[in-house]
Amino acid sequence: MKEYVIDAKDMAEKELNRTIKEQAEYHDKLIIDNPESKHNICAGLTEDVDIEINGSAGYFVGTMVNGSKIHINGNAGWFAGDNMTEGELIIEGTAGDGAGQGIYGGTVIVKGNTGSRTGEIMKGGTVIIGGNSGFMTGLLMMGGKLIILGDVTDDVGESIMRGTIFVLGDVKSLGKNAVMEKATTDDINDLKEILTEYGFELTDSDYANFKKIVNMQ
């Protein structure tokens with residue numbers, strides 16, 4: 001595997017992204033040290049490359065990514081993975097508002113908590129939150145699968161049109177057009193497959209307690 005290390009400490013955001021795109025053409029893996037919460041890291045990246053970010057990223061990390069795999073050993077700001085079409089974004093820490101906003105495909109995983117509007121207007125793909133999620137999780141959701149392993153606060157699934165939200169923890173309240181159902185056997189099997197793939201260890205009792213939130217038909 002051909003690797004390339006980028007020290008982002010003294011780089012402006014545009015210079016960092018230009019370097020990422022240039023080196024992604026020639027390497028299988030890029031390691032970004034000292035990201036210092038810069039915004040828009042890997043924005044618009046379309047190369048089939050692994051990215052490891054050692055530290056925290058700012059707003060819009062992985063926005064409009066198509067095919068790259070990004071792993072953040074830290075936290076992320078607002079709109080992580082925004083409008084991703086294909087690929088993978090794994091955040092070991094927490095993320096701000098709008099994680100997974102508008103994704104068409106791919107997978108966004110936040111191991112910790114997220115802010116409000118997680119998975120809003122997502123059209124496809126999968127978003128997994130290992131902790132809690134805030135206000136209006138799944139706002140205007142149009143498709144895809146949103147999985148919350150912790151609790152969610154007010155107005156979950158506000159104005160949801162399509163797609164499915166699964167919540168293991170407590171749901172404070174549902175939004176307009178959202179109803180809660182019991183997860184089916186097929187749902188549970190699908191959840192087991194994807195959560196096991198990404199290293200989440202749950203018991204059979206946990207899986208039996210998942211709540212399913214969908215559009216009110």
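Leaving aside neighbours within four places in sequence, I20 has contacts (heavy atoms within 4.5 Å) with I6, L30, I32, I41, C42, L45 and I51. The model is a predicted one, in which local features need pLDDT of at least 70 and side-chain atom pairs count only at pLDDT 80 or more, while totals for chains, interfaces and linings use all residues. Residues are numbered from 1 along each chain as its sequence is written, and side-chain values use heavy atoms, with hydrogens and water left out.

I20 is listed with I41, I51, V61, I72 and L89 as the residues with the most contacts inside the largest nonpolar core, which has 42 residues. Such a core is a set of buried Ala, Val, Leu, Ile, Met, Phe, Trp, Tyr and Cys residues joined through side-chain atoms within 4.5 Å, where buried means under 20% relative accessible area with a 1.4 Å probe, protein chains only. Helix α1 (residues 13–24) gives the most to this core, with three residues. A second, separate core of 16 residues includes I128, I147, L191 and I194.

The chain holds three helices and 11 strands, taken as DSSP runs (H or I, at least four residues, for helices; E, at least two, for strands) and numbered from the N terminus. An open sheet of 11 strands, with mixed pairing, has the order β1-β2-β3-β4-β5-β6-β7-β8-β9-β11-β10; two strands pair if DSSP finds at least two bridges between them. Its edge strands, β1 (3–7) and β10 (178–182), each pair on one side only. β1 and β2 (residues 29–33) pair in the parallel sense over five bridges, and D7 stands opposite D33 in β2.

Two helices pack on this sheet, as tabulated here; the angles, from 0 to 180 degrees, are between N-to-C directions of lines fitted to C-alpha atoms, for helices over the stretch in contact.

| Helix | Strands touched | Angle |
|---|---|---|
| α1 | β1, β2 and β3 (50–54) | about 160 degrees with β2 |
| α2 (residues 185–197) | β7 (126–129), β8 (142–148), β9 (162–167) and β11 (211–215) | about 70 degrees with β8 |

K29 lies in strand β2, and its side chain is joined to that of E52 by a polar contact of 3.0 Å. Beyond residues up to four places away in sequence, K29 touches M1, K2, E3, Y4, V49, D50 and E52. A polar contact is a pair of N or O atoms within 3.5 Å; within protein, one must be able to donate a hydrogen and the other to accept it, and residues adjacent in sequence count only if both atoms are side-chain atoms.

Of the 217 residues of the chain, 54% count as buried.

Technical notes:
Buried < 20%, exposed > 50% of the residue type's maximum accessible area, 1.4 Å probe, protein only.
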